[in-house]
Amino acid sequence: MIELENVSYTYGDGELLSDVSLQLQPGSFHFLTGPSGAGKTTLLKLCYGALLPTSGRLSAFEQDVARLGRDDMALLRRRIGVVHQDCRFLDHMTLAENVALPLMVSGQAESAQKEDLKELLNWVGLGTRLDSRPPELSGGERQRAALARAVILSPDVVLADEPTGNVDWEMSQRLLRLLVELNRMGKTVLIATHDLSLIRAAKSRVQARVLRISQRQIQLAGADL
Amino acid sequence: MSKSTLRNLLQRDARADRVVPPTGYTAHLTLFVSGAMAFLAVFALALSLASGRLADRWATELAGAATLRINAPTEQLAAQTDAALTVLGQTPGVASARALTAEEQAALLSPWFGADLPLDTLPVPQLIEIVEGEPGLDAAGLRLRLGAEVPGAVLDDHTRWREPLVDAAMSLRRLGWVAILLIGSATAAMITLAANASLAANAQIIEVLRLIGARDSFIARAFVRRFTFRAFFGAVVGVLFGLTGVLLLPEASDEGGFLTGLGFQGLGWLLPALIPVLGAGVAFLATWAAASRKLKELS
């Protein structure tokens, strides 16, 4: 589904990732951990095409990402839902409009949008906050709204970058439950987090592969987590 | 750009339009620039059309006429005039020729010498008015023949002063069109600047849209539509003010000469209606080019 083969990424004079290989199989669940600045976000950005490898091969849905045109890249991103650490909402639009943005940009009819949107926002527990603006939401609500926006197009892959970074334990468990539920629906999930307690909590709910980035390389984490 | 792309770019989509916040100084700048430029374009158009009319009038009024002047001693004047009229009567391309009466000649001189000029005491040459007909006057041939038969005759076919006048009017008309082109170019430049400023101010929004799978055409559409409609409405207001200004100009009159004939005539009044359409077209192309360029710079 998404495959990195001997991928390296260099920014300026510094190499952030070196000779990384990774396969995200359909329906799999992955945690990506490592200290801050290890390259977790960089790896996620490579996965959704926001960055292109300096060397190596990156393919998604059997397409060489480096060779995709701009329109094809846009289509690829519709198949990969991303929960950004800072959520990236448009503050002048309501929560409902923000969550519906992917539907809007993909040209889906407004009537279809309303039904999907209501169902989805109820699923993440924000059914009563449709008309709120992003600055009015709490950290947990923003993260759940970001998750709703990431999955509204029913993508094959969901990538989450530190989704529990700004929320309390209870909310992080709630978000984890939603992500596990998505995985049970057949979605491939990759969560970048430095929160080891989140990974431990997930062990009882889902069979997850835990990857660790260390010294610019990716390794399968041991049982010490 | 295909027809469907063009249609998509202009098709109104209220939800998509909300993606870019409708605020910022670029909105006011676009409205003001397109309004001011449309106002100036109305006057440039009026000047160009009036110059064209003037050039046509001067060319047609003077092209079909010539004047023969007989400079001779008083005792030979009548004989040479008769000889000249005979020659003219036999010349192909002369529809009619007649000697001006003493009163007519006095009327021609009165603006310079006054109405009470004693013309009969002065050695005034006799003027003969020639109206040109088919197949056209051969001025060079006529001069040769007159030189032989009427020694005091001087033929003036008006070319000497008609051509510079027509050239001047045509130059004025060209200047009008150049002014319109410059106004269009300046509008395009200003709208490109405003669009670039708007795109830069909304860079984060564009990035979010790209990340959630928006195509460049979707993003460009939000900006292109907005600038196109702003330019159109600004130009409509500018044209209305411009037409009001033209209406307030004095009516055309012989006394006022060229300056009082600057307005539009007949169907010419409809031409300013094209200015908002052209302004919107300029804004559309300028914004589309700016948005395409800017989006390609982003990942």
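Predicted model: local features only at pLDDT ≥ 70, side-chain atom pairs only at ≥ 80, totals over all residues.

Chain A holds an open sheet of 4 strands and another open sheet of 6 strands, while chain B is divided into two domains, domain 1 (3-59 + 163-297) and domain 2 (72-151). The two chains also touch, with 18 residues of chain A in contact with 16 residues of chain B.

**The four-stranded sheet of chain A**

- The 4 strands of this open sheet in chain A follow the order 2-1-4-5, and their pairing is antiparallel.
- Strand 2 (14-24) and strand 5 (63-64) of chain A stand at the edges with a single partner strand each, so one side of each is left without a neighbour in the sheet.
- Strand 1 (residues 2-11) of chain A pairs with strand 2 of chain A in the antiparallel sense over 7 bridges, and within strand 2 of chain A the residue opposite A:I2 is A:L24.
- Helix 1 (residues 40-47) of chain A packs on this sheet, where it touches strand 1, strand 2 and strand 4 (55-60) of chain A, and its direction makes about 125 degrees with that of strand 1 of chain A.
- Strand 1 of chain A is also joined to strand 4 of chain A by 5 bridges, and these two strands run antiparallel; here A:S8 has A:S55 of strand 4 of chain A as its bridge partner.
- Strand 4 of chain A is joined in turn to strand 5 of chain A by 2 bridges, again in an antiparallel arrangement, with A:S59 standing opposite A:D64 in strand 5 of chain A.
- Strand 4 and strand 5 of chain A form a hairpin with 2 residues between the strands, and in this hairpin A:F61 takes a positive phi near 50 degrees.

**The six-stranded sheet of chain A**

- The order of the 6 strands in this open sheet of chain A is 6-7-8-3-9-10, and the pairing is mixed.
- Its edge strands are strand 6 (80-83) and strand 10 (217-220) of chain A, each of which pairs on one side only, and the twist from one strand to the next averages 20 degrees.
- Strand 3 (residues 29-33) of chain A runs parallel to strand 8 (residues 188-192) of chain A, to which it is joined by 4 bridges, and A:H30 has A:L190 in strand 8 of chain A as its bridge partner.
- Helix 5 (residues 139-151) of chain A lies across strand 6 and strand 7 (157-161) of chain A, running at about 170 degrees to strand 6 of chain A.
- Helix 6 (residues 169-184) of chain A packs on the sheet as well, touching strand 3, strand 7 and strand 8 of chain A, and its direction makes about 150 degrees with that of strand 8 of chain A.

**Where the chains meet**

- In the contact of 18 residues of chain A with 16 residues of chain B, the elements of chain A that give two or more residues are helix 2 (70-78) and helix 3 (95-105) of chain A.
- Helix 2 of chain A supplies the largest share of the side of chain A that touches chain B, namely 6 residues.
- By class, that side of chain A has 10 nonpolar, 2 polar and 6 charged residues.

**Domains and strands of chain B**

- The C-alpha centres of domain 1 and domain 2 of chain B lie 55 Å apart.
- Strand 1 (residues 65-70) of chain B is joined by 6 bridges to strand 3 (residues 126-132) of chain B, and the two run antiparallel; B:I70 has B:Q126 as its bridge partner in strand 3 of chain B.
- Strand 2 (residues 94-99) of chain B pairs with strand 3 of chain B in the antiparallel sense over 5 bridges, and B:S96 stands opposite B:V131 in strand 3 of chain B.

- The axes of helix 3 (residues 25-63) and helix 9 (residues 216-247) of chain B come within 7 Å and cross at roughly 40 degrees, which makes helix 3 of chain B oblique to helix 9 of chain B.
- This crossing of helix 3 and helix 9 of chain B is right-handed, and the residues of the contact divide into 19 nonpolar, 6 polar and 1 charged.

How values were computed:
Residues numbered from 1 in each chain as written. Chains lettered and ligands numbered in written order. Axes fitted to C-alpha atoms, helices over the stretch in contact; angles between N-to-C directions. Parallel < 35°, antiparallel > 145°, perpendicular 65-115°, else oblique. Left-handed = near helix turned anticlockwise from the far one by under 90°. Nonpolar A, V, L, I, M, F, W, Y, C, P; charged D, E, K, R; others polar. Contact = placed C-beta atoms within 7 Å. Pairing = 2+ DSSP bridges. Domains from an automatic or database assignment.
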